[in-house]
Amino acid sequence: MIDRLADEEILIVYVMRVLQRTLPFARKCRRYYHCSRCTSSFHNDSSGGEDTKKREHRPNRVVVAMSGGVDSSVAAYLLQQQQQNNKNDLDVFGLHMSNWNALDEDTQDMSNTTFCETSEKEYNDAKSVAKHLSIPLHRVSFASEYWVRVFEPFVESLSSSHDTNTTLEEELDCNQSLVQSEERDNSTNDSNMVMPNPDFGCNTHIKFGSMKDYAIDRLQADYVATGHYAQLWHRNYKSSTIPNNSSININNDGNYFHDWMEETSQILEQIVMESISGRPEEEWILNNNNKSSSSNHYPMLIAGADRSKDQTYFLSGVKSEAFKNVIFPLGQLAKSQSQQQQQSVRDIAHQANIPTASKRDSMGICFIGKRNFGNFVSQYMPEPTTPGDFVDVDTNQVVGKHEGLMHYTIGQGARISGAPVKYFVCGKGRGSGKDDDDSYSNTVFVCNNTHHPALYTDELWVDFISFNWIGLGGTESDRYGMGLDHIPRPLVEGKSIKLLARTRHLQPLASCTVSWRRVNSNIQSSITNRGHLIVHFDNPMRAITPGQIVALYAGSDGLICLGGGPIKSKGLSFMDRGMTEISLTALHPSGHNDLSLQNL
């Protein structure tokens, strides 16, 4: 009977995969088919059996995302402690997401139960924590949303990666010719969105999109909490008097929980003020949306106190509106033992006897887990990857064979078997510093030094419409309409601004100058032809990669994350400019482990 059921599942997979390529609605059908090895239901599963219907008079309800890891477990514990301080003040619910359907994988892998077992273990871990904390836990699947909004765009971005090497100068010329066509179509098209990293999309579309909507609409949440290492400054938060433009909607009864929220807001306000103090060029940050009393005071995204775990880079694509009524309980904590006197997340987990206290951090693709990346993603490519040549950018000689462009990222080691020196990827396909013809369309260009001039440039640009500004005011319609309140005021006035930026997660922040180059001088014209942001770095930056995310920061130490967006193009490399001799002391570290620069 079990074997027969397995055969039926494989048949369903086959039929569904055929339908997926012919019928757009078939993708949504997949969420109702789940592997029989994953025995738990995915929708409306409440281990606590709690009634989630609206009640006229009830405590404020916080729904906390619980993955089964230690971070979300401690976040739930901290909120549960708030609940115990005043039981009439707060309800805490857990919500576990299982967003990857094993049936989406190729049939030859169906005998592999690793993912199902791991998924069930994560759920059981979350359930054991919820039981330990005496809070209800709901389980839900957003597999369809994850596929359509995150994974499929990610795969499509990989499949077109060979087209992402155009230079800034080429894009500027091209952009001018597109103005008239853009004016004819000022609508946005999600089907063409770039998804350079699943973690970026998971936060933007799932955790603070589908999950938050579910928590509010189905579980009647007043707040949503996650275990991110970041902070949100909900400006003007007052437990006694909440202005209409507050980013928090509360039942205003002056209770303990709101006092705690107000205290947190005041602490962050002081931290932000100290960060901007003595920097008059950044005073616009606080005044950017105060032109009228009806302006929305959206939360400001603040770096986590533990900078080694700060996750604002992956949160930089979340819309300002989506941060309303969101809490990050771990924002002021360190993950593990540090020089600070306060307890770490691990300390709290052990002292509270949380079942996941010693659990290792999860790795791998968001909601999918640790996989052989190349082999896994290859299943979903629209066409098989095509092997090609590794070409030395200095000698123009073939030095090896590669397995396909999608397997390589700018800046990484090329891993060329038998090569006499270690090579690093510095370009892919056309537009990589060689003649722009089809003979190089499937070429991976490599250089023989991790600090080779071919890996460095000092400029990038982002399509203006693609950059997500956070916490500066305006409304959602401003992003796609004519409003300018969500844009830094100096840029609107035609000025450049000094900021900090990173193009990789946890990359040391780099000083830069940001300017807005408009395609059309009439800034009130169609949003699609508003041009692009130019980011010029003070020092050469290694391995800037079109398609990846650039996040911008302000404050003396990069405390405030102003938002992020996908890199459209980059400036010419120093090699292409003929600048073959670069002092290592002038280079910006590519990461915290770039000891060759840090020790100079």
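Reader: Is S344 buried or exposed in this model?
Author: The model is predicted. S344 has a relative accessible area of 2%. Buried means under 20%, so S344 counts as buried.

Reader: Where does S344 lie, and which residues does S344 touch?
Author: S344 lies in the loop between β8 (326–327) and α12 (345–351). Leaving out residues up to four places away in sequence, S344 touches A334, K335, S336 and Q337.

Reader: Is P387 buried or exposed?
Author: P387 lies in the loop between α13 (373–378) and β9 (388–392). Its relative accessibility is 57%. The cut-off for exposed is over 50%, therefore P387 is exposed.

Reader: How far apart in space are P387 and H402?
Author: P387 touches H402, E403, G404 and N442, not counting residues up to four places away in sequence. P387 and H402 are 15 residues apart in sequence. From C-alpha to C-alpha, the distance between P387 and H402 is 5.4 Å.

Reader: Which residues are the closest to the centre of the second largest pocket?
Author: The second largest pocket holds about 530 Å³ of space. Its lining is made up of 23 residues. The closest to the centre are W260, T264, F328, P329 and Q332.

Reader: Which element gives the largest share of the lining of the second largest pocket?
Author: Two or more lining residues come from each of α3 (70–85), β6 (230–233), α9 (256–276) and β8. By class, the lining has 13 nonpolar, nine polar and one charged residues. The largest share is seven residues, and the element that gives them is α9.

Terms used. Residues numbered from 1 in each chain as written. Predicted model: local features only at pLDDT ≥ 70, side-chain atom pairs only at ≥ 80, totals over all residues. Heavy atoms only, no water. Helix = DSSP H or I, 4+ residues; strand = E, 2+ residues; numbered from the N terminus. Buried < 20%, exposed > 50% of the residue type's maximum accessible area, 1.4 Å probe, protein only. Contact = heavy atoms within 4.5 Å. 1 Å grid on protein atoms, 1.4 Å probe; cavity = no way out; pocket = protein on both sides within 12 Å on 5 of 7 lines; lining within 4 Å. Points joined across faces, edges and corners; volume = space filled by probe spheres on them. Nonpolar A, V, L, I, M, F, W, Y, C, P; charged D, E, K, R; others polar.
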